[in-house]
Amino acid sequence: MNPTDIDQQLTGLAGLGDPLRRALYRHVAERGDLVSRDDAALAVGISRPLAAYHLDKLVHDGLLEARYQRRGTRRGPGAGRPAKHYVRADHQIELSLPARDYAALAELLAGAVEADPSGAAQTALNRAAASLGAELGTEAAAHPGADAHPDQVLAALRQVLADRGYEPYEEADGTIRLRNCPFDRIAAHHRQLVCGANHAMLQGLTEHLDGDPPVQAALDPQPGRCCVVLTRVVDGRAAG
């Protein structure tokens with residue numbers, strides 16, 4: 001990482017040093033969609049002008065992106081000017097002093113696994129991923145209050161996933177989707193390999209929750225989301 005890159009990363013991280021700015025960033029990131037100044041101000045309990053100031057600072061620091069969109073569905077004359085909205089920036093911030101490049105090693109390992117014509121390396125990778133998932137399932141089951149009640153098990157599961165950077169959120173039907181892929185830099189060039197290992201890991205996680213697992217892992221690639229989705233299990237079968 002060159003000095004210019006380090007300065008840019010430090011600027012972005014410094015922008016999150018302010019608690020109010022951090023709360024605004026977190027709100028936008030967790031929404032996973034365009035957020036207006038009004039919505040952001042209401043979410044953190046501040047005035048709209050103050051929210052606008054800090055949101056624009058986050059854009060300047062490269063943490064958010066600004067986009068313009070009209071309110072409502074009306075178009076044409078009289079529809080009003082497009083309002084400024086915010087969404088989390090696509091690029092990620094990683095800073096290590098001195099510099100470390102674990103992604104380069106991960107790329108090499110992924111390439112080596114894919115180059116194995118026997119498939120044994122990929123089988124070993126998925127087995128190791130499933131083993132890690134089993135450890136995470138045990139971790140979720142050990143959370144305080146995570147007894148056999150499905151709601152408590154799911155709450156512990158979401159916490160473990162959040163701790164690993166998946167940013168889980170629940171849809172109306174109980175499906176748990178993962179807003180972030182912690183391995184997206186490697187998945188960009190080795191998608192099938194990474195998604196297979198990720199699925200094996202999350203499947204191992206759900207299978208090692210206490211009692212009957214309330215969800216099961218399935219591959220369901222979506223743009224801007226993790227390739228794995230956790231679907232509710234009803235009467236021993238995945239819902240939907």
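His 85 is found in strand 3, which covers residues 83–88, where helices (H or I, at least four residues) and strands (E, at least two) are DSSP runs numbered from the N terminus. The model is predicted, so local features need pLDDT of at least 70 and side-chain atom pairs count only at pLDDT 80 or more, while totals for chains, interfaces and linings use all residues. Residues are numbered from 1 along each chain as its sequence is written, and side-chain values use heavy atoms, with hydrogens and water left out.

At 7% relative accessibility, His 85 counts as buried, a class that means under 20% relative accessible area, with exposed meaning over 50% and partly exposed lying in between (1.4 Å probe, protein chains only). A polar atom of the His 85 side chain lies 3.0 Å from the backbone oxygen of Ala 83. When neighbours within four places in sequence are left aside, His 85 is in contact with Leu 34, Val 35, Ser 36, Glu 65, Ala 66, Arg 67 and Gln 69, contact meaning heavy atoms within 4.5 Å.

The secondary structure of the protein comes to nine helices and eight strands, and 35% of its 240 residues count as buried. Of the contacts with a separation of 6 or more, 55% are between residues 24 or more positions apart.

Helix 4 can be followed from one end to the other. At its start, a side-chain oxygen of Ser 47 reaches to within 3.3 Å of the backbone nitrogen of Leu 50. The 13 residues of helix 4 (residues 48–60) should span 18 Å at 1.5 Å a residue, and the end C-alpha atoms are 18 Å apart, which agrees; the expected span is 1.5 Å times one less than the number of residues. The buried residues of helix 4 are Ala 51, Ala 52, His 54, Leu 55 and Leu 58. An α-helix has 3.6 residues a turn, so residues three or four places apart point the same way. Helix 4 is followed by Gly 62, whose phi is positive, near 85°.

A nonpolar core is a set of buried Ala, Val, Leu, Ile, Met, Phe, Trp, Tyr and Cys residues joined through side-chain atoms within 4.5 Å. The largest such core has 26 residues, of which Leu 157, Leu 161, Leu 202, Leu 205 and Leu 230 touch the most other members. At least two residues of this core are supplied by each of helix 6 (120–141), helix 7 (150–163), strand 5 (176–178), helix 9 (191–207), strand 6 (215–219) and strand 7 (228–234). Apart from it lies another core, of 15 residues, among them Tyr 25, Ala 29, Ala 41 and Leu 63. Beyond its neighbours within four places in sequence, Leu 161 is in contact with Tyr 166, Glu 167, Pro 168, Leu 178, Leu 202, Leu 205 and Leu 230.

Glu 167, in the loop between helix 7 and strand 4, has a positive phi of about 55° although it is not a glycine, and at 25% relative accessibility it counts as partly exposed. Tyr 166 is buried, with a relative accessible area of 2%.

A search of the whole structure finds one aromatic pair, pairing being counted for rings of Phe, Tyr and Trp (its six-membered ring) with centres within 6.5 Å, and planes under 30 degrees apart being stacked, over 60 edge-to-face and the rest tilted. Tyr 166 and Phe 183 form this pair, which is edge-to-face, at 6.4 Å centre to centre and 80° between the planes. Phe 183 counts as partly exposed, at 33% relative accessibility.

Arg 225 is found in the loop between strand 6 and strand 7 and is partly exposed at 28% relative accessibility. Its side chain makes a polar contact of 3.1 Å with the side chain of Tyr 169, a polar contact being a pair of N or O atoms within 3.5 Å, of which, within protein, one must be able to donate a hydrogen and the other to accept it, and residues adjacent in sequence count only if both atoms are side-chain atoms. The charged end of Arg 179 sits over the ring of Tyr 169, 4.3 Å from its centre; the criterion is that NZ of Lys or CZ of Arg be within 6 Å of the ring centre and within 35 degrees of the ring normal.
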